[in-house]
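Student: Can we go through the charged pairs in this one? I'd like to keep it quick.

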2 protein chains.
Amino acid sequence: MEESEGLVGGSSKVMGLGDRAYEDLKEKLVRGAYPPGHKITVRAVAEELGYGTTPARDALNRLVAERALVFSGPKTVVVPTLSLAELYEVTQMRLRLEGLAAEKGAIGAGAADIAQLEAFQGEIEAALTEGRYADALWSNKGFHFHIYGRAQMPMLLATIETLWLRVGAAFNDLYPEFAISKYGIQNHRAALEGLRHKDPQEVKAAIETDIRDGYRRLRQALSDRSLKK
Amino acid sequence: MEESEGLVGGSSKVMGLGDRAYEDLKEKLVRGAYPPGHKITVRAVAEELGYGTTPARDALNRLVAERALVFSGPKTVVVPTLSLAELYEVTQMRLRLEGLAAEKGAIGAGAADIAQLEAFQGEIEAALTEGRYADALWSNKGFHFHIYGRAQMPMLLATIETLWLRVGAAFNDLYPEFAISKYGIQNHRAALEGLRHKDPQEVKAAIETDIRDGYRRLRQALSDRSLKK
DNA sequence: CTCCGAATTTTGTTGCAACAAAAATGGAAT
DNA sequence: ATTCCATTTTTGTTGCAACAAAATTCGGAG
């Protein structure tokens, strides 16, 4: 009667169409397929992804619950635009939650983890110098979540992911140039140092600085955009 | 997550049946209508609440997404039982998130807020001495969320609420005796002191201590229960 | 009494059509 | 041009039935 999840490893859960539609839509949002303000409808999603209306509706409901999509009217959901206040709020939450995940994830990290993270870091720097911002973003996510994932805290991880999704969906049209920079590279290097010294606090501090740097950049971008419009 | 009533800017949203079913079920869970492990089915919820299967399904999906309900098999959702590890994880998240909310909420709190909080505190102590644990729990929630609500951070508030829901649903059968005690009373008093001194850090510290005390109590209860079974 | 497997019942999912409500449209008046 | 209002179109929601798959039951063997 009692059965729990597998301990670790590939989550080979039988996903219904609704879950697949959710993943598909989420991917599109993160990749910036729709600009902020774009209207998302059940039937459009259904046809676009080739599913029926029910899975599409499930996916929309879930994304709305996570605030990756928002209502702009009683029957209209759109890709959200983050206000300055909302960006601040998400950042404060990220600082606490990702600080926690970084600290716990740093504990017991070994050579294999460091090697993996250095690989991500290499990809980031390469992608950055070649102007492949989308790839840099992807590897950046890989870097952060490799650390967070080590913490073995699934609820924490899921919550952090929704925060990334919120920021990603709202800023994708101007994220690349602002999300990562030389500061980001330096912060990641500091995190790696902390890992090598087996100093979770150092890792935590580096990640928090990384988040703060990104926040400044995003805030700047948001101000510029609101002036232009 | 539009709740009963917001302090400010509460644009009354037209709730569909799905939202109402969600609220109803959530209420039942928090109030401990179902013991941990109890199986929840779409059709049972539909009939019990008097809605069709679609709203019931929506409510279940949402609760599962929030982890207030969990899968125990591919097609079976049950009221969750928190493991020791999960309780620890939730507590760590609560410390960071509620610490943040307490700190921000304490800023600019005035006499009206303190009066309201003292009212809650009075209800808690009265309910506690009279053995009305459910009422004490309710007022306790009122106390905490009055502070958190002042922070004007809706996403943060919604996230904290899901954490309370998780703990509440899993521990309702033994929560009362353990959730609140003389320590809780003292912690709340310390928070009030901090509010009077206009010292957000003091409020934050008091709330964090309150969470830690509750954690110890819950952990103890969990150990006792696993021994008995 | 326990364990295992087949038969039976229960259950989630999905597509769909009808409906009410909201959004888009178009045009008239200022 | 702009605003306002009525018309038309679009859209989310809901209930329902069919279906596949899982959970439960039950019986028999060891």
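Tutor: Here is a short chat about salt bridges. This is a predicted model, where local features need pLDDT of at least 70, side-chain atom pairs count only at pLDDT 80 or more, and totals for chains, interfaces and linings use all residues. Residues are numbered from 1 along each chain as its sequence is written, chains are lettered from A and ligands numbered from 1 in the order in which they are written, and side-chain values use heavy atoms, with hydrogens and water left out.

Student: How many salt bridges over all chains?

Tutor: The count is 30. A salt bridge here is a side-chain nitrogen of Lys or Arg within 4 Å of a carboxyl oxygen of Asp or Glu.

Student: What does A:Arg96 meet in a salt bridge?

Tutor: B:Glu103, at 3.8 Å from N to O.

Student: Why does that pair join two chains?

Tutor: A:Arg96 lies in helix α4 (residues 84-106) of chain A and B:Glu103 in helix α4 (residues 84-106) of chain B, so the pair joins two chains. Helices (H or I, at least four residues) are DSSP runs, numbered from the N terminus.

Student: Is A:Arg96 buried or exposed?

Tutor: Buried, at 19% relative accessible area. B:Glu103 is buried too, at 14%. Buried means under 20% relative accessible area, exposed over 50%, partly exposed in between (1.4 Å probe, protein chains only).

Student: Which residues are linked in a network with A:Arg96?

Tutor: B:Glu103 and B:Lys204, through salt bridges.

Student: New topic. What forms a salt bridge with A:Arg212?

Tutor: A:Glu208, with the closest N and O atoms 3.8 Å apart. A:Arg212 is partly exposed at 39%, while A:Glu208 is buried at 17%.
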